[in-house]
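This report covers one chain of a model and the side that chain turns to a partner. The sequence and structure come before the account.

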Amino acid sequence: MKRRGEMVLAFAVIVAASLASTAGAGSTVAAKTQGVSCKSTLKIGFTAPFTGGAGFLGNEQLSWAKYAVKTLAPKYGLKIKLITGDTPVEQGPAIAQTIAQKFIADKTVVAVLGPSTSGNVVASSQAFWQAGLAHISPSATRTSLTKGPAKSATPAFFRVVPGDYIQGPSDAAFMLKKGAKNVVLFDFQEPYSQGLADAAESVLKAKSVTTTRLSVANTVTDFSSFVTKVPSSADFVFFPTQKPGDAQNIAQQLLEQGKKAKVFGGDGSNDASQFKVPGSFVSNFAPDISGFAYNKAVIAGWKKDNSGQALGSFGPPAYLATQVALNAIKKACAIGKGQIKDRRDVVRNVKKIVVKNSILGGDFRFSTKSNDPLNAKFYIFEIQSDGSYQLVV
Amino acid sequence: MDTFIQLTLNGLTLGSVYALIALGYSLVYGILKLLNFAHGDVFMVGTFIGFGAIQLLGGTVNPIVPVWALLLLITLAAMAGCACLGVVIERFAYRPLRDAPRIAPLISALGVSFFIAYSMQLLFGAEPRNYDTFSLNGGALYTNGFDIGNVRVPMIRIITIVAAFVMMILLWLLVTRTRVGTAMRATSHDREAAAMMGIDIDKVIVFAFVLGSALAGAAGVLFALRIPTYATIGFLIGLKGFTAAVIGGIGSIPGAMAGGLVLGFAESYAQGYISTRWSDLLVFVLLILFLVFRPQGILGKADIRKV
């Protein structure tokens with residue numbers, strides 16, 4: 001009896017410890033700026049996953065945001081310091097709330113880049129809105145952030161990339177074009193993957209494609225039993241993970257179990273260093289920017305600052321988001337005659353920004369109907385035998 | 001039928017890893033009556049040592065040694081590294097508390113667990129580490145193997161299962177056929193009486209930590225051959241190893257083996273036949289059911305004490 005009691009107590013202690021370690025953030029603090037001189041050093045917050053399974057994404061974005069600040073801010077007559085907040089995807093959205101409070105409490109933070117993931121936008125947008133802080137994401141794509149009756153982001157949220165309302169249907173259309181008759185769709189019980197899988201599934205079902213939905217906890221590391229449930233006749237496994245290593249893992253396990261289905265990863269799995277099983281596909285909101293001649297100088301400059309790093313697809317949208325933020329800050333400074341009297345002045349100006357010859361191709365502007373980019377699209381890449389990504393659509 | 005065979009294979013692979021982890025819990029509990037919750041993190045360190053050893057051996061694309069030697073060397077490196085870590089943990093976190101109330105080493109174990117996990121995260125970052133065994137011999141470990149009906153049994157699973165069972169058999173022989181094994185069993189049965197018979201209890205305890213941690217290191221490598229690892233992976237895997245030990249009968253070596261396999265099959269069949277969404281929940285419901293209705297586990301003995 002004593003032994004049983006000890007083991008029950010031990011189990012209770014360990015569960016309590018694990019719950020305590022994930023406890024979240026405090027309450028919202030609305031800190032209104034009293035007025036900041038534009039001649040002083042202003043800060044832009046950047047919140048993204050810099051460590052963890054999606055750390056590759058945040059670090060790539062940060063390198064481009066730093067480059068944008070370094071090269072563009074002096075041209076706009078601004079002194080800008082970039083400060084960061086790490087939100088590993090494994091820690092869930094609570095950490096995003098904590099970081100939001102940190103940025104809000106600093107009155108010299110006049111705009112925020114990110115959050116980079118949709119779940120973290122949902123977790124922090126309300127706090128940013130109350131504090132009047134514009135937050136411009138280079139990669140949060142969940143549709144309901146900006147659209148629909150139950151919008152989960154506030155009017156202070158903007159994104160420079162299109163949402164899953166384009167990605168899901170684009171991915172589905174590609175699978176249909178490839179003759180898909182049977183598709184298995186995964187979600188990971190969090191907003192990003194659920195939204196994307198829902199969007200793709202509805203298009204596939206409308207075209208009478210047989211679909212199977214598998215919902216997997218975000219903590220699962222071995223997908224063997226899920227792969228077992230993938231029918232032999234399946235053509236694609238739609239796998240919108242935010243951890244490219246998991247996309248590689250399931251592609252390997254499909255081969256291991258002799259399944260012919262190809263893995264189709266979303267923008268979150270777009271990392272050639274981790275996801276490299278030939279014949280798989282990934283979609284992304286950014287094209288290969290080296291295809292636009294006017295980007296030559298920008299790419300060369302970034303490469304000089306980041307020698308040895310490959311040109312990815314998450315970084316350039318961060319450059320664009322920074323460019324939009326800097327322009328909005330500049331406008332707010334002009335309106336305030338050398339002062340940002342209220343951080344809301346930046347929010348009010350973001351939507352008016354137009355970037356000619358943007359790094360992502362063509363002129364960038366926001367839609368008049370939502371805080372999404374106008375006329376944006378998704379791009380699809382196929383993984384080659386040497387592990388490189390080749391643009392196919 | 002194919003689905004059943006495949007799920008059984010999945011369960012056997014997973015279960016053999018759980019069994020190796022559960023053995024570490026059982027060895028330490030059997031001798032010290034201590035639930036070593038840092039054991040899952042020793043497993044995690046094993047996965048990282050294996051990753052480091054692969055890099056030292058030239059990586060998986062162009063390794064400087066044959067594949068079999070690479071697999072053997074990384075496993076031995078992880079076992080040796082984890083054995084050393086086990087000794088350090090015992091010496092600094094548990095030995096000073098050996099005569100303290102039993103809740104003290106339990107809390108110390110939790111502290112050690114978090115210390116190891118977050119130290120590793122600070123030292124090596126939180127990015128997942130993938131052994132990339134897919135690149136070994138152009139993916140041969142995944143595509144070669146044999147078939148049972150329409151189900152492929154790939155080489156990588158054969159290696160995992162066979163290696164785990166070989167280690168379990170060796171441990172069984174060590175515990176039942178050697179002097180040190182006899183000393184371990186005697187200490188487990190009655191520590192004070194064993195000391196009076198001339199057994200060096202400290203050495204036996206350290207040896208139990210060495211063995212348990214080495215097995216955790218081996219389990220780490222066998223696990224990470226197929227699955228990416230990261231600094232905080234040990235907590236959940238360790239909890240499942242603990243569950244396996246309880247199901248089998250904590251303190252019992254055959255029980256730990258049986259418990260690991262039962263848990264592996266339960267998890268695999270739950271994912272395959274019940275719900276992919278609730279498999280972890282079902283695993284821990286199983287733990288609670290055993291704790292409440294059969295705390296001695298499948299092969300453990302009821303703890304009868306003279307009152």
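The model is predicted. Chain B contains twelve helices and two strands. Read from the N terminus, its elements follow the order α-α-α-α-α-β-β-α-α-α-α-α-α-α.

The overall dimensions of chain B can be set against a simple rule. A compact globule of 307 residues would have a radius of gyration near 19 Å, and chain B has 19 Å, so the value agrees with the rule. Along the principal axes, the C-alpha atoms of chain B fill a box of roughly 60 × 45 × 40 Å. Of the 307 residues in chain B, 54% are buried. Among the contacts in chain B with a separation of 6 or more, 77% are between residues 24 or more positions apart.

The table gives their lengths and spans.

| Helix | Residues | Number of residues | Expected span | End-to-end C-alpha distance |
|---|---|---|---|---|
| H2(B) | 39–56 | 18 residues | 26 Å | 26 Å |

For H2(B), the reach from first to last C-alpha is close to the value expected at 1.5 Å a residue. This helix is largely enclosed by the rest of the structure, because 14 of the 18 residues of H2(B) are buried. B:Gly58 follows H2(B) and has a positive phi, near 95 degrees.

H10(B) is mostly covered, with 14 of its 15 residues buried. Just after H10(B) comes B:Gly249, with a positive phi of about 115 degrees.

The remaining topic is the contact between the chains. On the side of chain B, 39 residues are in contact with 39 residues of chain A. Two or more residues on this side come from each of helix H1 (2–32), helix H4 (103–124), helix H5 (140–143), strand E2 (151–154), H10, helix H11 (253–274) and helix H12 (279–293) of chain B. H1(B) gives the most, with five residues. By residue type, the side of chain B that touches chain A divides into 21 nonpolar, twelve polar and six charged residues.

Terms used: Residues are numbered from 1 along each chain as its sequence is written. Chains are lettered from A and ligands numbered from 1 in the order in which they are written. This is a predicted model: local features need pLDDT of at least 70, side-chain atom pairs count only at pLDDT 80 or more; totals for chains, interfaces and linings use all residues. A residue is buried if 20 or more other C-beta atoms lie within 10 Å of its own, exposed if 12 or fewer, and partly exposed in between; C-beta atoms are placed from the backbone. Helices (H or I, at least four residues) and strands (E, at least two) are DSSP runs, numbered from the N terminus. The expected span of a helix is 1.5 Å times one less than its number of residues. Two residues are in contact if their C-beta atoms, placed from the backbone, lie within 7 Å. Ala, Val, Leu, Ile, Met, Phe, Trp, Tyr, Cys and Pro count as nonpolar, Asp, Glu, Lys and Arg as charged, and the others, Gly among them, as polar. The radius of gyration is taken over C-alpha atoms; the globule rule is 2.2 Å times the number of residues to the power 0.38.
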